[in-house]
Amino acid sequence: MNPFKLIKVEDVPQASRVFREHPPGEAVFMAGGTDLLVLRRHGLIRPQVVIYLKGISGLSGCRPAGDGNLVIGALTPLETVARDAYVRQAYPLLADAAGAVGSPQIRHKGTIGGNICLNSRCWFFNRSAFWRAEYPHCRKASGGDVCYVMPESRKGCFALQSGDTVAPLTALGASLRLVSDQGERVVEIEKFYGTDGRQHVALAPGEILSEIILPPPRAKGVFVKFRPRNNMDFATFTLAVLPPQTGELIFPGQ
Amino acid sequence: MTSVLNFSVNGEAVRLEVDDDETLLEVLRDRLHLTGAKEGCGEGQCGHCTVILNGESVNSCLTLALEAQGGRCLTIEGLSSGERLHAVQQAFVDQGAIQCGYCTPGMVLSAVDLLNKIPEPQEHEIREGLKGVMCRCTGYYKIFEAVKQAAAAENKGDSQ
């Protein structure tokens, strides 16, 4: 593993500036680091510079905002989201999803922002270098021209977004505040994700997810996670369901 | 790149120069010779590297040493008070909740973290609290029994 330089930053504009001072691919952002350090260990990323975000103040915790919205700071640990009394009462499917990530150890470090921006995953890519040597590189790994998930596909990468909180946040109609040193924008969460696993989130270089904005609660909903190993694993798929807004039946006639 | 790391380990102030990419586990084991925390998988699956950093259990293999800057780290070596075992350690001994012992430091510290947050855990809360540590010797039942004993002992004010 090549060594990296750790840069601790104090605010988002500084983080953004430091990121763009380096050539593309050289710098990465790190919040909890629970996925990033594994990717590095497996040789899937080779950062020269790691920009450490957890020293940024004001981006951790849940706070009510105007109009009944709830704002969750991106650096809020997943365990804090899972245990937050208001989140549990008003958005229980989000609390359940945050609590379904990894283990307590992972959730103490891992953040909700990191879960939303989690690198896409697949069984062929997220393996050690030893196991990856079984096949030639895939499209997501540099230089490959095949996707082992969809071998017949001519282009694209079918690695999936695997953040457990994404389905409930989408069902709840969450928006994301994306900030850089050049300004900020708010996007709906379903517009944040693309279809290619190599560039699956709509973050511009140097842009950082700072806050998650939830509209007022309207129904409890449910969250279900399917995973190969039930004790602790990344999801095969997740499902979040909220009843329809206007009170009409989901299946008319029943 | 190196930086100076100042933090406390088991109540003692530590100051040493570390590489930016060095993990907390490497510092604890290779520099401070605290070998209770183990590297099983190195990717957050097995939990054998569990330590308590600033009051929260973490995988020290997925924690950069410099993240502990100014913090407090508790390892298994710092849990007992001299000869007197912590209630969780005593319960593991009493219940025979140990076979090869490799996972035991992580199990014990996970249980300590759990009982700090939930003093009287239900069965499902014990399972959730310990899910981050993997034991490959046997079932987990004696370990669950030990956590129940420790909870009962602590709630009687029997512990330190």
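Ile51(A) touches Ile7(A), Val9(A), Ala15(A), Val18(A), Phe19(A), Ala27(A), Val28(A), Phe29(A) and Met30(A), leaving aside residues up to four places away in sequence. Contact here means that the C-beta atoms of two residues, placed from the backbone, lie within 7 Å. The model is a predicted one, in which local features need pLDDT of at least 70 and side-chain atom pairs count only at pLDDT 80 or more, while totals for chains, interfaces and linings use all residues. Residues are numbered from 1 along each chain as its sequence is written, and chains are lettered from A and ligands numbered from 1 in the order in which they are written.

## Nonpolar cores

Which residues have the most contacts inside the largest nonpolar core? They are Ile51(A), Leu94(A) and Ala111(B), in a core of 106 residues. A nonpolar core is a set of buried Ala, Val, Leu, Ile, Met, Phe, Trp, Tyr and Cys residues joined through C-beta atoms within 7 Å. Buried means that 20 or more other C-beta atoms lie within 10 Å of a residue's own, exposed that 12 or fewer do, and partly exposed covers what is in between, with C-beta atoms placed from the backbone. Helix 3 of chain B (residues 104-117) gives the most to this core, with seven residues. Domain 1 (2-78) and domain 2 (87-155) of chain B both give residues to this core, so it lies between them. A second, separate core has six residues, among them Phe124(A), Phe125(A), Cys147(A) and Ala159(A).

## Sheets and strand pairs in chain A

Let us look at the strands next. Strands of a sheet pair through backbone hydrogen bonds, either parallel or antiparallel. Two strands count as paired if DSSP finds at least two bridges between them. In chain A, three strands form an open sheet in the order 1-3-2, with parallel pairing. Strand 1 and strand 2 (27-30) of chain A are its edge strands, each pairing on one side only. Neighbouring strands of this sheet are turned by 25 degrees against each other on average, direction ignored. Axes are lines fitted to C-alpha atoms, for helices over the stretch in contact, and angles run from 0 to 180 degrees between N-to-C directions.

Helix 1 of chain A (residues 12-20) packs on the sheet and touches strand 1, strand 2 and strand 3 of chain A. The direction of helix 1 makes about 155 degrees with that of strand 2 of chain A.

Strand 4 and strand 5 of chain A form a hairpin with five residues between them, and Asp67(A) in the turn has a positive phi of about 65 degrees.

| Strand pair | Sense and bridges | Example of bridge partners |
|---|---|---|
| Strand 2 and strand 3 (residues 49-52) of chain A | parallel, four bridges | Ala27(A) and Val49(A) |
| Strand 4 (residues 62-64) and strand 5 (residues 70-73) of chain A | antiparallel, three bridges | Arg63(A) and Val71(A) |
| Strand 5 and strand 8 (residues 208-214) of chain A | antiparallel, four bridges | Gly73(A) and Glu211(A) |

## The sheet of chain B

In chain B, five strands form an open sheet in the order 2-1-5-3-4, and the pairing is mixed. Strand 2 (12-19) and strand 4 of chain B stand at the edges with a single partner strand each, so one side of each is left without a neighbour in the sheet. From one strand to the next, the twist averages 40 degrees.

Strand 3 and strand 4 of chain B run antiparallel and are joined by four bridges. Leu53(B) stands opposite Glu56(B) in strand 4 of chain B. Helix 3 of chain B packs on the sheet, touching strand 3 and strand 4 of chain B, and its direction makes about 35 degrees with that of strand 3 of chain B.

## Domains and chain contact

The domain bounds come from an automatic or database domain assignment. The centres of domain 1 and domain 2 of chain B, taken over C-alpha atoms, are separated by 21 Å. Between these domains, 14 residues of domain 1 are in contact with twelve residues of domain 2. Strand 3 of chain B gives the most to the side of domain 1 that touches domain 2, with three residues.

The contact between the chains takes 18 residues from chain A and 22 residues from chain B. Helix 6 of chain A gives the most to the side of chain A that touches chain B, with five residues.

Note on methods
Helix = DSSP H or I, 4+ residues; strand = E, 2+ residues; numbered from the N terminus.
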